[in-house]
Amino acid sequence: MVTRGFTGRRPTRPDAERLPPGQYLTEDFPVLQLGPTPRIDLARWRFTIRQGAKPLASWSWEEFQALPRTRWTGDIHCVTKWSKFDTAWEGVGIDDLLAAAGIAAPTAYLLAEGYDDYTTNVPVADLTGGKAMVATAYAGAPIPPDHGGPARLLVPHLYFWKSAKWVKGLRFTQADEAGFWEQRGYHMSGDPWREQRFTDD
Amino acid sequence: MALAWQEATIAAAAPETPRVRRLSLAVGWERPFRAGQHVDVRLTAPDGYQAQRSYSIASPPTRPGLIDLMVERLDDGEVSGFFADVAAVGDAIELRGPIGTFAWEPGQGGPLLLVGGGSGVVPLLSMLRHRAEAAPEVPALLLYSARTPEAVIARDELVRRGATEPAFRLMLCLTRVAGGRRIDTARIAEVLAHLGRPAHTFVCGSNPFVGAAADLLVDAGVPPRTIRTERFGG
């Protein structure tokens, strides 16, 4: 349906090719979260991989810093329609994390869990093979608390709600269990290039 | 259940403040919305180019076939500029919704603390209007920060509600007037002294506003899990 009188302001051709459908480019770094920013003490911070309730591996902040580091620079896309180009992150790749834990993924699905009790489901196939990391630095500095520091999941090829802020662990599940937003009408997969914003998009 | 795009017709349009235009849209909802939720709006140019944005609903859910949006004109706003200058009564706009978990229902009760900065008051207006109709006994307080008196959205209505609704208190913070003040520790203490400990707190506004207000509330002892935030421009 053409909107009467709307012409729009198109991004440049190179920008347009990098923008998934329905997204616009922002230079800011907007914040989207459910509540106040949690206050996380690094001395008590832990990252734990579980299968169901059973812990498989766990690291303190200091131990986590000693794991192999990965860098990634690229574009991120929020379901609230903004995209940001050329964001630079550093952290521990999920492949390296599983290797450090000495395990192979025991199931094909997991829930990322945050210190704010937020959860989001991501298939293992979307995390391994160099696709994702637990990021601890953004633009060369520790991630600010508003943006999910001290550590957040980074799954940049999916809408950014999948990149759980204040992440405290990954919990493998037998089936693809809906996380917080997914239980509230958001898409189970969240591929921005297929514009999977809401259930059945 | 899929959220389908639907055509909505602009039934009325009027200036709300010098920078905000109120648009009433006739919608065919398949389900009621909850006060505080938003809609996604999609505009399409003749060549197929589209732009989408989210806008909170200002009206209460008790008027389900008609929703009010308040569109603030942003500098160089691609979509807000269209709504400010071009959109007219009778035009059809595509939208889908309702969307979001930033919502209050009368059954949740109170005390209800609403903290809004600028056009962040819009979803809180829906809650206040719904509360007045459905649960006027629920204690509620709106702490609303705006730059000037002219920039206050729904000013006459809010002042009237403050004067006539016994369980509702309005606290305005004007930041760009002589003697103006921002929301600070002292103001939050004043709010909590009046309202008591809120059962539900909703904070909406710009990113820096919401971050600062939520931190002040947590510092004042409001349990973080009872605070919901919604940030504009994000």
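# Notebook: loops, strands and domains in chains A and B

**Entry 1. A proline in a loop.** I began at P150(A), which sits in the loop between β9 (141-142) and β10 (152-154) of chain A. Strands here are DSSP runs (E, at least two residues), helices are runs of H or I with at least four residues, and both are numbered from the N terminus. The peptide bond from G149(A) to P150(A) is cis, with omega near 15°.

Before going on, I noted the ground rules. This is a predicted model: local features need pLDDT of at least 70, side-chain atom pairs count only at pLDDT 80 or more, and totals for chains, interfaces and linings use all residues. Residues are numbered from 1 along each chain as its sequence is written, while chains are lettered from A and ligands numbered from 1 in the order in which they are written.

I then looked up a cis bond in chain B. G97(B) and P98(B) are joined by one, with omega about -5°. P98(B) lies in strand β6 of chain B.

**Entry 2. Positive phi in chain A.** I checked K81(A) next. It is not a glycine, yet its phi is positive, about 95°. K81(A) belongs to the loop between β4 (70-77) and β5 (82-93) of chain A. Is K81(A) buried or exposed? K81(A) counts as buried because it has 21 C-beta neighbours inside 10 Å. The cut-offs are 20 or more other C-beta atoms within 10 Å for buried, 12 or fewer for exposed, and partly exposed in between, with C-beta atoms placed from the backbone.

E195(A) also went into my list. Its phi is near 50°, again positive in a residue other than glycine. E195(A) is in the segment after α4 (180-183) of chain A. It has 17 C-beta neighbours inside 10 Å, so it counts as partly exposed.

**Entry 3. Strand β2 of chain A.** I followed β2 (residues 46-51) of chain A to its partners. Strands pair if DSSP finds at least two bridges between them. β2(A) pairs with β3 (residues 54-60) of chain A in the antiparallel sense, over 6 bridges. The two form a hairpin with 2 residues between them, and G52(A) in the turn has a positive phi of about 60°. β2(A) also pairs with β11 (residues 167-173) of chain A, in the parallel sense, over 4 bridges. Which residues stand opposite Q51(A)? I found K54(A) in β3(A) and F172(A) in β11(A).

**Entry 4. Two domains in chain B.** The domain assignment gives domain 1 (6-98) and domain 2 (106-232) of chain B; such bounds come from an automatic or database assignment. Their C-alpha centres lie 24 Å apart. The contact takes 16 residues from domain 1 of chain B and 13 from domain 2 of chain B. I count two residues as in contact if their C-beta atoms, placed from the backbone, lie within 7 Å. On the domain 1 side, β1 (6-17) and β5 (66-72) of chain B each supply at least two residues.

**Entry 5. The antiparallel sheet of chain B.** I traced an open sheet of 6 strands in the order β4-β3-β6-β1-β2-β5 (chain B), with antiparallel pairing. β4 (50-56) and β5 of chain B are at the edges, each with a single partner strand, so one side of each has no neighbour in the sheet. In this sheet, β1(B) and β6 (residues 92-99) of chain B are joined by 4 bridges. E7(B) stands opposite E94(B) in β6(B).

R22(B) is found in β2 (residues 20-26) of chain B. It is partly exposed, with 19 other C-beta atoms within 10 Å. Beyond its neighbours within four places in sequence, its contacts include A13(B), E16(B) and D68(B).

**Entry 6. The parallel sheet of chain B.** I found 5 strands in an open sheet, ordered β9-β8-β7-β10-β11 (chain B), with parallel pairing. Its edge strands are β9 (168-174) and β11 (227-232) of chain B, each pairing on one side only. β7 (residues 112-117) and β8 (residues 140-146) of chain B pair over 6 bridges. L112(B) stands opposite A140(B) in β8(B).

**Entry 7. Where the chains meet.** How many residues of chain A are in contact with chain B? I noted 30 residues of chain A in contact with 35 residues of chain B.
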